[in-house]
Amino acid sequence: MTATELIVTGRARPRRRVGTSARRRRTLTRVVQVVSLALGALVFLFPFYYMLVVSFSPNWTADWSVLVPGELTLNNYAELFESTNVGRSMLNSAIFAGGVVILTQVGALLCGYALAFIHFHGSRLVFATVLLLQIVPFQVLLIPLYVLVTRSYGLGDSYAGMILPFAINAGVVFIYRQFFLTIPVEMIEAAKLDGAGHVRTLWYVILPLTRPALVTGVVLSFVGPWNDFLWPFLITKAQEMQPLAVSLISFQSNIIQRLDNPTGAIMADATLLMLPSVVLFVLGQRWFTTTGLGGAVKE
């Protein structure tokens with residue numbers, strides 16, 4: 001009914017009420033979504049629960065009774081630490097992953113800043129190359145990298161030989177570049193008016209705003225080297241230089257058959273290898289969805 005008809009007739013069209021069937025459909029849809037998400041979470045978490053329960057179980061049996069925690073023990077972890085030098089292996093993994101994280105963040109910050117704020121001839125080609133590098137599997141470069149690192153540079157059985165092939169991560173460069181594009185241009189222009197160069201702008205203006213991207217980049221660049229087996233296995237021959245993943249595989253293949261509960265020891269291995277990545281993800285989870293750019297620019 002138009003405004004003219006309303007004035008003439010003196011009555012308004014009644015509001016259309018939402019029917020009971022529509023509310024029921026919305027409620028049913030929400031219930032189905034919650035149940036589906038809960039089932040998906042249970043399916044995803046079940047292997048982790050199984051791994052933890054078996055790692056603390058004194059005996060392993062191939063039936064469902066193992067899923068109900070009964071008597072718990074630390075014998076599997078004790079046998080693991082007695083049979084192999086876990087402390088040295090974890091130190092090697094920490095140096096390996098930590099070196100990769102530091103070099104990756106420094107390189108990705110500089111490359112991402114250049115691709116986002118410095119417009120030079122061929123910048124689009126460079127960015128396209130960065131995207132192209134993400135689809136190249138590391139296994140393709142494995143043999144030439146091994147020959148280059150061991151024979152040309154003589155970096156076998158060294159931390160540098162493990163770290164350098166992972167020093168630049170194209171995926172992290174892409175994350176920083178895309179995040180930098182969300183930063184208001186006015187902030188960069190204000191820094192230029194104050195006489196700040198690119199390094200000062202990056203350190204004092206851009207870096208304090210990049211916590212979400214920084215945490216994401218740290219997690220992504222840490223998980224790969226920490227869990228990597230193939231490259232450290234090729235580059236390290238001395239046992240005292242092997243990271244945790246390589247050391248645990250050697251433990252499983254050489255010593256585990258002599259243990260009373262080999263399955264429990266394997267699950268203890270997996271728990272130790274998984275724990276740092278999970279802790280890092282949990283600590284940085286709240287930064288994944290925050291940007292901190294709301295009050296960066298005043299109207």
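## Starting point: F174

F174 has a relative accessible area of 29% and is therefore partly exposed, a class that lies between buried (under 20% relative accessible area) and exposed (over 50%), with a 1.4 Å probe and protein chains only. F127, by contrast, counts as buried at 15% relative accessibility. The model is predicted, so local features need a pLDDT of at least 70 and side-chain atom pairs count only at pLDDT 80 or more, while totals for chains, interfaces and linings use all residues. Residues are numbered from 1 along each chain as its sequence is written, and side-chain values use heavy atoms, with hydrogens and water left out.

## Fold and surface

The chain comprises 14 helices and zero strands, where helices (H or I, at least four residues) and strands (E, at least two) are DSSP runs numbered from the N terminus. Of the 299 residues in the chain, 35% are buried. The chain exposes about 19000 Å², and carbon and sulfur atoms supply 66% of this area, as computed by the Shrake-Rupley method with a 1.4 Å probe.

Contact here means heavy atoms within 4.5 Å. Among the contacts between residues at least 6 apart in sequence, 72% join residues at least 24 apart.

## Aromatic pairs

Twelve aromatic pairs are present in the structure; rings of Phe, Tyr and Trp (its six-membered ring) pair if their centres lie within 6.5 Å, and planes under 30 degrees apart count as stacked, over 60 as edge-to-face and the rest as tilted. The pair of F56 and Y77 is tilted, because the ring centres are 5.1 Å apart and the planes stand at 40°. F56 lies in the loop between α2 (20-55) and α3 (75-83), whereas Y77 belongs to helix α3, so the pair ties together parts that are 21 residues apart in sequence. F56 counts as partly exposed at 28% relative accessibility, while Y77 is buried with a relative accessible area of 11%.

For F127 and F174 the centres are 6.0 Å apart and the planes at 15°, so this pair is stacked. The pair links distant parts of the chain, since F127 sits in helix α5 (residues 123-133) and F174 in helix α8 (residues 170-180), 47 residues apart. R177 lies over the face of F127, at 3.9 Å from the ring centre; a charge sits over a ring if NZ of Lys or CZ of Arg is within 6 Å of the ring centre and within 35 degrees of the ring normal. Elsewhere, ring pairs link F96, F138, F166 and W231 into a cluster.

## The surroundings of S247

S247 lies in helix α13 (residues 244-254) and is buried, with a relative accessible area of 5%. Its side chain makes a polar contact with the side chain of S89 at 3.0 Å; such a contact is a pair of N or O atoms within 3.5 Å, where within protein one must be able to donate a hydrogen and the other to accept it, and residues adjacent in sequence count only if both atoms are side-chain atoms. Leaving aside neighbours within four places in sequence, S247 is in contact with T84, S89 and Q242.

## Confidence

The chain averages a pLDDT (the predictor's confidence in each residue, from 0 to 100) of 82, and 87% of the residues score at least 70. Over residues 3-8 the pLDDT stays under 50, and the model has four contacts beyond four places in sequence for them. The pLDDT is also below 50 over residues 291-299, a stretch with ten contacts in the model beyond near neighbours in sequence. Where pLDDT is low, the predicted coordinates should not be read in detail.
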